[in-house]
Amino acid sequence: MHHSLAYSYSKGLYSYILDNTNEGVIIVNEKNKIIEINKACEDITGYSFNEVINQSPKVFASSNANENIYANIWNQINKSGFWIGELLNRHKSGNIYPIIIKIYKFYNEETKQLNYFGIFTDISSQDEINNNLLHLAYHDPLTNLPNRLKLEAQLEYVVNNSKRNNLQFAILFLDLDDFKIINDTLGHSAGDEVLISFANKFKSIIRTNDMVARVGGDEFIVVLSDISSYLFIERVCAKILKLANQPFHINNTSFNMGVSIGVAIYPNDADSLKTLINNADAAMYHAKSKGKNHFEFFSDEMTKKLDTQTKMENRLLKAIKDDEFIIHFQPEINLKTNEVFALEVLTRWNKDNNELLMPEDFISNLDNTNNIIEFEKLILKKACLQLKQWHNNKIYEGIISVNISGKHLEHGNLYNSIKHTLKISNLDAKYLELEFSESDVMKISTKTLFTLNNLSLLGIGLSIDNFGKGFSSFNYLRECSISKLKIDKSYIDSLIQEDSDEDIVKSIIDLGINMGLSVIAEGIEVPIQDEIIKKNSCTKVQGYFYAKPMNTIEFEDWYKSFKQLKY
């Protein structure tokens, strides 16, 4: 009686545990026929106990299962008493799903029979999570294109395949032209939409065995496998250019984009992936330098040019650290009052103390990197300290005008740079003027407009150089707190020609006067230019006709004698 009660209790506990576990349980007899399953098994497989009793557990298996797999499983169980691993099952509905299962052999003391039981878990949701994580690891979250990691893995395969089969493949390095303007004018969300739209358009022009990956903000790499000819590459590049040139429609605004493409071919241009990508990148920059919105094939000359540029950039960085730059000053003269009302600060590079280089020999190299910002901080400091010294010694008590790049304005925290310079030089802000090119002012964002207005409130004068070429919005000039315009030198140069731009010069002078701005005619070098400028009521001038750029000592000597001159 007591044995019967104990057995009844243990069986009830056994049934309770089976039906309240989340793992599926299958019990089969020594003939491999199902004699028991629990509720979790029914839920996972879709089969009820009555549907599978006395059937082989293969009723749950997918039709893709290999008989050898099951033979190996039973060999392992008979040897060691258990097996654990992953299998593919088929749900009653037909869907295939992965499980992880543990199978044990045991002898049932009650029935005196050999049984086997399996405990399994549906891991399809875990597999899905893992697949999603894997996808995120290898894809760009914005465009859903492969990222650099996926690209590197694909390139390894393409290289190995090309080596084995003596094939060529091409790397196309793409960079959207003037993408920064989209971000600055329409906002980063609009920029993101452009990138997504551009990525989606690729689907129609890239073969299934090729790849396009996003590797930077607006940079993409295309891998063209098994290329047959250069003509094929040219056709793909032409399709990409056509695609990019189609109007983009973002936030009810329609605009066109361009793209610069650099092409490098394996193994002709390099047999290492890093070098191949670098060469494609160099070709892309060459395409940009030739006017953007076209493609260029890599050549050895590009590498030499890039190497020269890199060496120059490193040398310039050293020049900044070693303080190898000296400043010259070119007067801006008011013909009506016969006064020097400003000195433009111009820089010379005293390279190795034996060669004086002009700005055209190094400024563009500086401007291609963030070195331009550190360079301009150095020049600002030197100029303000010199001006303060002149003020203290009553030599020159006017203002200085320092040229500032668009990069410093946009990315260099210019306001803090100026505040710091004024503090260490103890110079009043009203004696400092900042000069920007018209093209840089046209590109400025809301952020930089805020910076310009704050500088103006600080007392800094703001001037636009090379005015007249960029078709600036006149309303924008007011918004930027601009106080002075310098007529583009090309218009002044034309005044010595028969078909001169005198009408344009006069229009700019009249415009500036009507807007209450100071207008400077720069680049006056011969008497005829001086006569025409005076005739058109421009009284503020600059140029070699009046005074050349001078170093500190030269200016001091010149300025003493200037006060006696009359123009």
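Guide: Gladly; let's begin with a pair of strands. In this predicted model, E14 pairs with strand E15 (residues 355–357) in the antiparallel sense, over 3 bridges. Strands here are DSSP runs (E, at least two residues), helices are DSSP runs too (H or I, at least four residues), and both are numbered from the N terminus. Two strands count as paired if DSSP finds at least two bridges between them. Strands of a sheet pair through backbone hydrogen bonds, either parallel or antiparallel. Within this pair, Asn350 has Leu356 in E15 as its bridge partner. E14 and E15 make a hairpin with 3 residues between them, and Asp352 in the turn has a positive phi of about 55°.

A word on how to read the model: residues are numbered from 1 along each chain as its sequence is written, and side-chain values use heavy atoms, leaving out hydrogens and water. Local features need pLDDT of at least 70 and side-chain atom pairs count only at pLDDT 80 or more, while totals for chains, interfaces and linings use all residues.

Strand E13 (residues 325–334) pairs with strand E14 (residues 339–351) in the antiparallel sense, over 10 bridges. Here Phe325 has Trp349 in E14 as its bridge partner. E13 and E14 also form a hairpin, with 4 residues between them, and Asn338 in that turn has a positive phi of about 55°. With strand E16 (residues 399–403), E14 pairs in the parallel sense over 4 bridges, and Ala342 has Ile399 in E16 as its bridge partner.

Setting aside neighbours within four places in sequence, Thr552 is in contact (heavy atoms within 4.5 Å) with Phe329, Gln386 and Trp390. Between Thr552 and Leu114 there are 438 residues in sequence and 105 Å in space, C-alpha to C-alpha.

That brings us to the wider layout. The protein chain is divided into domain 1 (1–127), domain 2 (142–298) and domain 3 (310–565), with bounds from an automatic or database domain assignment. The centres of domain 1 and domain 3, taken over C-alpha atoms, are 85 Å apart.

Elsewhere, 5 strands form an open, antiparallel sheet in the order E2-E1-E5-E4-E3. Its edge strands are strand E2 (34–37) and E3, each pairing on one side only. In this sheet, strand E1 (residues 24–28) pairs with E2 over 3 bridges in the antiparallel sense, and Ile26 stands opposite Ile37 in E2. Helix H4 (residues 67–80) packs on the sheet, touching E3, E4 and strand E5 (113–122), and its direction makes about 155° with that of E3. For such angles, axes are lines fitted to C-alpha atoms, for helices over the stretch in contact, and the values run from 0 to 180 degrees between N-to-C directions.

Let's end with a link in the chain. By the rule used here (a side-chain nitrogen of Lys or Arg within 4 Å of a carboxyl oxygen of Asp or Glu), the count comes to 21 salt bridges. In one of them, the side chains of Lys288 and Asp175 meet at 3.0 Å, N to O. Lys288 lies in helix H10 (residues 273–289) and Asp175 in strand E6 (residues 169–177), so this pair ties together parts that are 113 residues apart in sequence.
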